Amino acid sequence: MSTDALKPLKSRKFHKRRPPSSFPAQPLLDLHCSMKVHRLFQIFAMMRLIGGSAFLFMVTFRAIAAADDRPFAIENSRSPDGQIEIWMQPAGDEGMAAGIAQIRGVKSSAVSGTFAWSGFGVRAMPDAFKVLWRSDSRSIGS
Amino acid sequence: MTAAVYALNAKHQWVEVKLPTDAYVETIKRLSHVSDLRSGKGYGSPKKWLADGRLLLEFCSRDIFYEGEELEKAFAICLQVTGKSDAPLRVARIVSIRLEPRQSPSN
């Protein structure tokens, strides 16, 4: 077992080392330390900036993605009797115009049928397709 | 443009009435004497529902020898999509195809 740990601190070798007398050890050490601290602050600030930007980007991206995921009504899709309309639930990969169209009751929001839709573009839009209802179209239980 | 037809069946579910594909295109080509259809499969814009529950579609021809909109021919196709007691057909039936009079560009 080493007895070095039991020796008084002053007797240790590294405490015996002294800088050259002509060398202004303390001020340089201070300067060195302050530069280190400054650099650390710089890195920290940069990381905060990058992190903040990344966070902002992530929040914006997620908000846009969430907005893209929300179902919406297809324009002019309400049936002649006003009972049913078509909604689109966007689906599929990002940057792809696709989704599940839902045949919904206007009052109850009950879905009485669905079909997959895909088209050109980067996302499904309210004017994705046109609906031509037969005059006697109806949805049972809507 | 492509079209899709959905109808309520006896179980009150919306089901697709498939449009005829290859046979449909071949029939249109044979009857219209065109070599190709502008919209590939030949499904044009749905125009209107007729009183007897038939669907009228319009499509344009695209002849590979005569490119140009002024040379395109417009056709009206009448489809039967429901059968007895208004039950949806599995595949729509072509009732008729007729050449539509082309409007002059000045109109």
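Start in chain B, at the largest nonpolar core. Of its 13 residues, B:Val5, B:Leu79, B:Val81 and B:Ala92 touch the most other members. Select those four. Then colour the strands: β1, β4 (54-60) and β5 (74-82) of chain B each supply at least two residues of this core. The biggest contributor is β5(B), with four residues. This is a predicted model, so keep confidence colouring at hand. Where pLDDT is low, the predicted coordinates should not be read in detail.

Stay here and pick B:Ala92. Leaving out residues up to four places away in sequence, B:Ala92 touches B:Val5, B:Leu79 and B:Val81, among others. Its contacts also include B:Val17, B:Lys18, B:Leu19 and B:Pro20, as well as B:Gln80.

In soluble globular proteins, nonpolar side chains tend to be buried together.

Select β1(B) and β2(B). Four bridges pair them in the antiparallel sense.

Switch to chain A and show its four strands. They form an open sheet in the order β1-β2-β3-β4, with antiparallel pairing. Which strands stand at the edges? They are β1 and β4 of chain A; each has a single partner strand, so one side of each is left without a neighbour in the sheet.

Strand β2 (residues 84-90) of chain A meets strand β3 (residues 98-105) of chain A through seven bridges, running antiparallel. Select A:Pro90; its bridge partner in β3(A) is A:Gly99.

Move across to the next pair. Seven bridges also join β3(A) to strand β4 (residues 111-118) of chain A, again antiparallel. A:Ala98 has A:Ser118 as its bridge partner in β4(A). A:Ile100 has A:Ala116 as its bridge partner there.

**Where the chains meet**

Display both chains. The contact takes nine residues from chain A and nine residues from chain B. On the chain B side, β1 (5-8), β2 (14-17) and β3 (45-49) each supply at least two residues. What kinds of residue make up the side of chain B that touches chain A? Five are nonpolar, three are polar and one is charged.

Now pick A:Ser135, in the segment after β4 of chain A. Is A:Ser135 buried or exposed? A:Ser135 counts as exposed because it has 11 C-beta neighbours inside 10 Å, and the cut-off for exposed is 12 or fewer. Beyond its neighbours within four places in sequence, A:Ser135 is in contact with A:Pro80 and B:Trp49. Draw the distance to A:Pro80: 6.2 Å, C-alpha to C-alpha, across 55 residues of sequence.

**Last stop: confidence**

Colour chain A by pLDDT. The mean is 75, and 58% of the residues in chain A reach 70 or more. Which elements of chain A have the lowest and the highest mean pLDDT? Helix α1 (residues 13-16) of chain A has the lowest, at 54. Strand β1 (residues 72-73) of chain A has the highest, at 94.

Conventions
Residues numbered from 1 in each chain as written. Chains lettered and ligands numbered in written order. Predicted model: local features only at pLDDT ≥ 70, side-chain atom pairs only at ≥ 80, totals over all residues. Contact = placed C-beta atoms within 7 Å. Nonpolar A, V, L, I, M, F, W, Y, C, P; charged D, E, K, R; others polar. Pairing = 2+ DSSP bridges. pLDDT = per-residue confidence, 0-100. Buried ≥ 20, exposed ≤ 12 C-beta atoms within 10 Å, placed from the backbone. Core = buried A, V, L, I, M, F, W, Y, C linked by C-beta atoms within 7 Å.
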